[in-house]
Amino acid sequence: MASNKRRRLKPNKKILKRMQRKLWLVFGVVCILFVVLIGRVMYIQRTSGDKYEKIVLSQQDYDSTIIPFQRGNIVDARGTVLATSVDVYNVVLDCKVLNGNEKKFEGSIAATVDLVTECFEEIDAETIKTQLKDNASSQYYILAKKVAYEEMAKFQEKKEEKGYKGKIFGIWFEKEYIRQYPYGSLAAATIGYASSGNTGVIGLENKYSSVLNGINGRTYGYLNSDNNLEQTTIDATNGNNIVLSLDVNIQSIVEKAVADWNETTAATWNAEHPDEPETFGSKHTAVLVMNPNNGEIYAMAQYPNFDLNNPRDLTPFFSQEDIDAMDQEQKMDELNKIWQNFCTTYTYEPGSTFKPFTVAMGLETGVLTGDETYFCDGGEMIPGYPKLVKCVAHNKGGHGMQTIADALSNSCNDALMQMVRVIGPETFSEYQSIFGFGQKTGIDLTGEASTASLIYSEDDLNSAINLATNSFGQNFNTTMIQLGTGFCSLINGGYLYEPHLVTKITDSNGNTVSEIEPVIQKRTISKETGDLIKSYLEYVVSDGTGKTAGVEGYRIGGKTGTAEKLPRGNYKYLVSFIGFAPVDNPQVVVYVIVDEPGVGAIGNNQAHSSFAQEICHNIFEQILPYLGVESSLSEEEQAQAAQSLTEAAQAVPDEGVSEDTPEGADSTADPSATPEVVEDTTGQ
């Protein structure tokens, strides 16, 4: 039997060579990738090393401390600081360090406790001793929060004095910032406030919060290769400042005029009605002061007001008993009402301050020439409506023959209803939109009210009664900023500017980051139409219902307004006046609203635009010289003129209102609904 022999397999040289080539290829690819990886790491280190270093260091647990940024300032047009962040300090106790040094320097605990309690009244010795005993290894215990810089500096200075030097250990300070408002309640709803954590809550603080905020820095502690503690500091980047068109002096003048009127009105009412006392002279009073030539806002005020340094304080508005009876939700509801900016969030029927817009529509489209006359016999019969829509004339027979200037001067609703018939619903609706009614203005504040659903559409205006009542500012709603912005276009040559408060952004060193230029949104009317409107409105103040607002020596134009609030028949009114000066070259517009003047007063005791005119007069009297508008009178002549003006204003009847008022829209009303009662009007 033949023996089996093992066969030896000979290696396949072709396969071996192929495998070797593949291995070399893989090796080569790995080497290339490794080189690419090293290159990429070097590139990242060069271009983004600081960024990734910060990320890595932030994950270390060795002695890492945040360096807070300082929120930017809010300053007025002249550089006065309205909001700023000031540094405060948390007093931190390091029990481990203090206990450790007691063993080296006997008496250091006693010295440290004595100095801390001497410099910081809110810290008691027992608290420190308890922490040193119960939490001996603790390195972070806050003894006091947000102490002033002066207190911290006093401690640092005294610990170097004889008796303390070399004995003070385990006390360090953690820096923070708190927001302060040097002027308290001045322009409170406009400026707004920031809560802890640098979060803007309302106003400019909210709108520009991301601009005002910076980026925190950090001090990092980490162990190097030799296990030594190293420190790296990345400085904080402070926030930018915002510079406003708001002027502290004008704002102060406005707020004082508003407060004086309200306090006098409340005191008069309370003296006559001791059993029905009122806290305030009106439900709301608001003033808007603008530069008509660029949309800048010089002042934006409201009353009652609140303190920005203590914005959650309800005691000026409610008794302590009432506050205690509120739950948290009710308190927040009341605070939100107080914090709202009346000039941008409150909607209302404008009344006769809208009449210049109706006249401008007719003049601009050519359906009015300015030479027309209208006969006012006390009211108009509107086709399809069974009752007489009355005028506001004190004489039931009406105003008689009226030119366009007379119609505005006497605030004649009858003449306006005749004008709007030739203007027509299509043109009226188109120009309401052109003037910005029903649209947000784009002002740089949060919370601007939308009025898109509060004006009539062209289809709705095909109803003769809707068109008639809209012509004199009834049955649709607006806001102060909306009407004020549109009014500026009537007197500046027809340019509708976007209203704004911020004019510049600067960095923490005062360098300009960006400037906010005026924005023209559209052209509303021609200069020729505007010149006619200005002349008519000057006549309102010189010879018509706006005499009280006049200041002798200055050419002032304007328009009065009175609107009875819903529900009609409650005799609660919102009265207003919007004026500008000087007539030949308008530099400033002042718009005043008094919502329910006298509050407790009812009927025609509320229905007088002279309340708003009085406030406007006091504002014009002070800000016109401040703005450099020269008076044509000497000081003696100005004093005599002021006396004669007062006497004249007392002798001139207010526009007043008729006995009843037509139903109209409010912030929740459907403007397409036909008013229930329209035979009587609001008067101004």
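In the predicted model, Val 289 touches Ile 250, Val 254, Glu 296, Ile 297, Tyr 298, Ala 299, Val 588, Val 589, Val 590 and Ile 623, residues up to four places away in sequence being left out of the list. Val 289 belongs to the largest nonpolar core, a set of 127 residues, and together with Val 590 it touches the most other members of that core. In soluble globular proteins, nonpolar side chains tend to be buried together.

The secondary structure of the protein amounts to 21 helices and 23 strands. Of the 684 residues in the protein, 49% are buried. Among contacts between residues at least 6 apart in sequence, 73% join residues that are at least 24 apart.

Helix 17, spanning residues 464–471, is mostly covered, with 7 of its 8 residues buried. These buried residues are Ile 465, Asn 466, Leu 467, Ala 468, Thr 469, Asn 470 and Ser 471. The elements that cover them include helix 13 (355–365), strand 15 (388–390), helix 15 (413–434) and helix 16 (458–461). Just after helix 17, Gly 473 adopts a positive phi of about 85 degrees.

Helix 18, formed by residues 480–491, is likewise mostly covered, and 12 of its 12 residues are buried. The buried set consists of Met 480, Ile 481, Gln 482, Leu 483, Gly 484, Thr 485, Gly 486, Phe 487, Cys 488, Ser 489, Leu 490 and Ile 491. From its first C-alpha to its last, helix 18 reaches 17 Å, close to the 16 Å expected for its 12 residues at 1.5 Å a residue. A glycine with positive phi is found just after helix 18 too: Gly 493 has a phi of about 100 degrees.

The packing of one helix pair was also described. Helix 2 (residues 95–104) and helix 3 (residues 108–119) have axes that come within 8 Å and cross at roughly 130 degrees. Helix 2 and helix 3 are therefore oblique to each other. Helix 2 contributes Leu 98, Asn 99, Asn 101 and Glu 102 to the contact, and helix 3 contributes Ser 108, Ile 109 and Thr 112.

Attention then turned to backbone geometry. Most residues other than glycine have a negative phi, and most peptide bonds are trans. A cis peptide bond runs from Tyr 303 to Pro 304, with omega near 0 degrees. Pro 304 lies in the loop between strand 12 (297–303) and helix 10 (320–325). Leu 566 and Pro 567 are also joined by a cis peptide bond, for which omega is about -5 degrees. Pro 567 is placed in the loop between strand 21 and strand 22 (573–581).

The loop between strand 21 and strand 22 also holds Tyr 571, a residue other than glycine whose phi is positive, near 55 degrees. With a relative accessible area of 34%, Tyr 571 is partly exposed. Ala 187 likewise has a positive phi, near 55 degrees, although it is not a glycine. Ala 187 is located in the loop between strand 5 (171–180) and helix 6 (188–191). Because its relative accessibility is 3%, Ala 187 counts as buried.

Thr 560 is situated in strand 21, which covers residues 557–564. Thr 560 counts as buried because its relative accessibility is 0%. Its side chain makes a polar contact of 3.3 Å with the side chain of Lys 559. Arg 218 is part of strand 8 (residues 217–223) and is partly exposed, its relative accessible area being 22%; residues count as buried under 20%. Arg 218 and Ile 234, separated by 16 residues in sequence, are 5.4 Å apart in space from C-alpha to C-alpha.

Note on methods
Residues are numbered from 1 along each chain as its sequence is written. This is a predicted model: local features need pLDDT of at least 70, side-chain atom pairs count only at pLDDT 80 or more; totals for chains, interfaces and linings use all residues. Side-chain values use heavy atoms; hydrogens and water are left out. Helices (H or I, at least four residues) and strands (E, at least two) are DSSP runs, numbered from the N terminus. The expected span of a helix is 1.5 Å times one less than its number of residues. Buried means under 20% relative accessible area, exposed over 50%, partly exposed in between (1.4 Å probe, protein chains only). A polar contact is a pair of N or O atoms within 3.5 Å; within protein, one must be able to donate a hydrogen and the other to accept it, and residues adjacent in sequence count only if both atoms are side-chain atoms. A nonpolar core is a set of buried Ala, Val, Leu, Ile, Met, Phe, Trp, Tyr and Cys residues joined through side-chain atoms within 4.5 Å. Contact means heavy atoms within 4.5 Å. Axes are lines fitted to C-alpha atoms, for helices over the stretch in contact, and angles run from 0 to 180 degrees between N-to-C directions. Angles under 35 degrees count as roughly parallel, over 145 as roughly antiparallel, 65 to 115 as roughly perpendicular and the rest as oblique.
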